[in-house]
Amino acid sequence: MNFPIREIWIDTEAADAPLTRKIVGKFPRAKVLQTDEKNASRLMRELELAADPFSRGKKILRLVRHKGVFVKPCPGTPEYVCCGLKILHVGQGCPMDCRYCALQAYFNRPVLELFVNMDDLFSDLTHYLKQSGDTFQRLCTGEFTDSLALDDLTGLAPRLVEFFATVPNASLEIKTKTDAIDPLLEVDPKGRVIMAFSMNAHGITRHDELRAAPLKKRLGAALRAQKRGYLSAFHFDPIIPLQGWYEEYSSTIDSIFRTVDSSRIAWISLGVLRFVAGLKEVAEARFGKIRYFHDGFLRGLDGKCRLHVDRRIEVYSRMAERIRRHAPDARIYLCMESPHVWQKSLGLDMQRDGDLEAYLDSAMQKEVRSNRGGTSCNPALAGLPEPHFKNF
Amino acid sequence: MNWLDHTQTAIVNPNAVDLDDLTYLIPHFSDISALRQSIGRVGLVNAPVVQTSARGGMIPVMGRRRMQCLRELGKSEVPVKVLPEDMPIADGFTLAFWDNAAHRNFDPAARAYIVKRLLELNSRETVASDFLYVLGVAPKGPRLDLLKRIGSMEFSVLKALADARINEKTAALLCDLDSRDRIRVLELMESLRLNTNKIYEVISWLVDLSIVNEKSIDELLAREEVACLLAGDSPLPERADRFRNLVRSWKFPELTLREQEFHAWARNIAQPGISVRPAPMFENPECVVEVRVHSLNQAESVIDALKRKEKSKT
């Protein structure tokens with residue numbers, strides 16, 4: 001991907017890392033600044049004084065050593081059913097610029113950050129999975145950043161695919177709005193890696209997802225990934241139900257099923273736009289008035305702004321019905337919704353986080369079972385207990 | 001440069017000082033009568049500072065309100081200090097700023113106006129390093145831009161903010177409206193005597209509706225139901241409440257419908273001492289049933305009855 005990086009800030013502790021030298025070499029025209037704690041906070045203060053710190057921050061790449069844990073639970077949300085995803089923390093901030101992006105109100109540092117201590121990441125990951133024992137783990141790199149937008153700098157994603165291909169108790173989800181998957185086609189995922197694409201209505205993609213790949217290219221990438229052995233996933237999140245939404249989203253759903261093999265889709269997630277109250281202010285200060293933020297949002301049980309439950313149920317029901325027309329057994333899940341909404345819109349009994357975890361884990365377990373006896377499956381999997389199925 | 005070391009003293013007629021000139025204005029929205037009384041009683045303690053303007057007259061730099069009081073008190077000769085004509089505006093505004101900062105707390109409206117003016121006259125870096133800490137404003141670009149927009153509104157709106165008739169969140173909404181809509185909507189809210197929080201609610205709903213429906217607020221307020229409601233002869237608080245509920249029903253149609261259904265249902269099963277509350281925003285079908293009793297014994301018998309009922313089911 002070709003994003004306009006103008007400045008690179010290198011933290012003292014990251015200066016000697018081989019990855020730092022490799023990344024700096026890719027931006028011969030960028031201004032490179034060595035930063036210690038003191039001048040990094042001065043630079044950050046100067047940046048925050050700009051009219052739009054985020055726009056400027058998206059052109060600044062900060063290379064740091066990550067000192068915390070690399071595997072952490074998804075923050076999820078209280079009062080609603082969450083999927084128990086684990087985040088593999090590879091960096092934060094995204095060079096693309098979606099107007100609705102929750103990260104605008106989530107991070108207090110507007111620059112792009114990449115972690116250069118990859119060896120620590122792998123050792124932390126190995127330790128985590130070892131500790132998890134037989135409990136199946138779904139990990140994802142695309143929570144605090146896009147999984148692939150900066151991957152041509154780090155080359156991390158193919159290494160992770162190779163790693164997960166040999167791990168019996170975990171799957172990796174690579175989530176992106178790009179089509180930059182070519183390096184991933186050079187490695188064999190052995191059925192353990194899901195190539196996920198964030199999808200939306202064409203109108204939203206065109207107007208609100210700045211610098212992201214067009215839907216057609218994302219779908220083209222999904223097909224290529226499938227052919228290489230990756231499972232697919234599609235995330236409709238946020239769904240923005242403005243006037244004419246059903247036709248727009250149906251068109252995207254139809255395109256998916258026209259393009260990829262539906263039997264190789266691990267899951268499709270749905271999530272109607274919800275946000276912390278501060279996001280509207282931050283986003284509109286940057287982009288001007290954004291119509292959908294002014295819809296009938298109420299304060300949900302988790303304190304986030306949510307559309308009325310009846311409207312969300314209608315959106316989910318109609319989207320699910322459209323998906324099931326193409327794939328009756330599609331594993332559709334709702335992101336951060338209540339058991340009531342699950343029941344009303346999908347007809348599924350999803351009372352607690354563990355139910356949803358099992359529902360999604362079973363998608364991967366199914367894949368593992370179907371691969372069992374083949375060459376692509378790690379024999380260690382044979383010893384794994386069956387997950388808790390609840391009539392899924 | 002220390003411009004106060006370069007002043008000359010003079011005696012001027014307060015009417016010769018152009019108090020409509022806003023070059024160095026640090027607004028003060030409170031009543032001037034206490035200051036006037038004080039000057040009338042003990043005299044002028046500190047001489048105002050003025051500058052000779054390029055047009056030949058004099059404009060106030062520090063002591064604008066003192067000068068106004070002296071005018072109102074009918075004084076014809078007032079001692080002043082005169083700053084040179086070539087003093088840059090930014091320097092003069094800095095003098096006015098520190099003069100005010102030394103003896104008063106800035107209200108939100110004055111703060112917004114000052115930030116606006118400082119940003120017009122100085123770089124962001126200078127504003128951040130030299131002034132913001134005194135104003136208690138975080139040195140964040142988007143926050144400065146918001147205050148700048150608020151500070152650019154009409155003085156009547158700023159006065160409402162200074163008087164806490166509206167809060168800063170409402171001011172932020174108003175500064176995105178055109179001047180006519182802004183004044184109209186504020187006048188309407190004030191005529192209905194809604195409190196500060198309700199004014200914010202109603203204006204935010206109107207702004208949202210205006211954006212989602214691509215209609216001006218004027219068009220929304222021109223609906224016949226609004227005119228009927230506002231023209232009614234019911235007491236003002238009742239009309240204000242009905243107006244607020246009307247706008248709320250436009251903004252949250254599904255919620256309003258569910259509330260109506262729920263209240264109709266609850267009325268049917270109503271018992272004295274028993275109330276039923278739905279889940280917040282009807283997020284799920286759960287309800288809270290509250291039974292009010294007068295003693296622990298009564299509470300116990302209610303619980304026993306419920307237990308018996310539960311048991312008979314199983």
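**Strand pairing and the two chains**

Author: Let's start in a sheet of chain B: Thr9(B) has Lys81(B) as its bridge partner in E4(B). Keep in mind that this is a predicted model.

Reader: OK, and how do strands E1 and E4 of chain B run, parallel or antiparallel?

Author: Antiparallel, with five bridges joining E1(B), residues 8–12, to E4(B), residues 78–83.

Reader: Which residue stands opposite Lys81(B) from E2(B)?

Author: That's Val49(B), which stands opposite Lys81(B) in E4(B). E2(B) covers residues 49–52 and runs parallel to E4(B), with three bridges between them.

Reader: Switching to helices. How many residues are in H4 of chain B, and how far does it reach?

Author: H4(B) spans residues 108–121, which is 14 residues, and reaches 20 Å from first C-alpha to last. That is close to the 20 Å expected at 1.5 Å a residue.

Reader: Which of its residues are buried?

Author: The buried residues of H4(B) are Ala109(B), Ala110(B), Arg111(B), Ala112(B), Tyr113(B), Ile114(B), Val115(B), Arg117(B) and Leu118(B). Two arginines are in that list, Arg111(B) and Arg117(B).

Reader: And what do they pack against?

Author: Helices of chain B: H3 (89–101), H5 (124–130), H6 (132–135), H7 (141–151) and H8 (155–162).

Reader: Zooming out, how many helices and strands are in chain B?

Author: 16 helices and six strands. Chain B is more spread out than a compact globule, because its radius of gyration is 29 Å, well over the 20 Å that the globule rule gives for 314 residues. Its C-alpha atoms fill a box of roughly 100 × 50 × 45 Å along the principal axes.

Reader: How much of chain B counts as buried?

Author: 25% of its 314 residues. As for contacts in chain B with a separation of 6 or more, 69% are between residues 24 or more positions apart.

Reader: Now chain A. What's in there?

Author: Chain A has 13 helices and 18 strands. The radius of gyration is 21 Å, close to the 21 Å from the globule rule for 392 residues, so chain A is as compact as a globular protein of that length. The C-alpha box is roughly 55 × 50 × 35 Å.

Reader: Can you pick out a residue in chain A? Say, where does Val111(A) lie?

Author: In the loop between strand E7 (97–98) and strand E8 (112–115) of chain A.

Reader: Buried or exposed?

Author: Val111(A) is buried, because 22 other C-beta atoms lie within 10 Å and the cut-off for buried is 20 or more. Leaving aside neighbours within four places in sequence, Val111(A) is in contact with Gly57(A), Ile60(A), Arg62(A) and Gly93(A). Ser55(A) is 56 residues away from Val111(A) in sequence, yet their C-alpha atoms are 9.0 Å apart.

Conventions:
Residues numbered from 1 in each chain as written. Chains lettered and ligands numbered in written order. Predicted model: local features only at pLDDT ≥ 70, side-chain atom pairs only at ≥ 80, totals over all residues. Helix = DSSP H or I, 4+ residues; strand = E, 2+ residues; numbered from the N terminus. Expected span 1.5 Å × (residues − 1). Buried ≥ 20, exposed ≤ 12 C-beta atoms within 10 Å, placed from the backbone. Contact = placed C-beta atoms within 7 Å. Rg over C-alpha atoms; globule rule 2.2 N^0.38 Å. Pairing = 2+ DSSP bridges.
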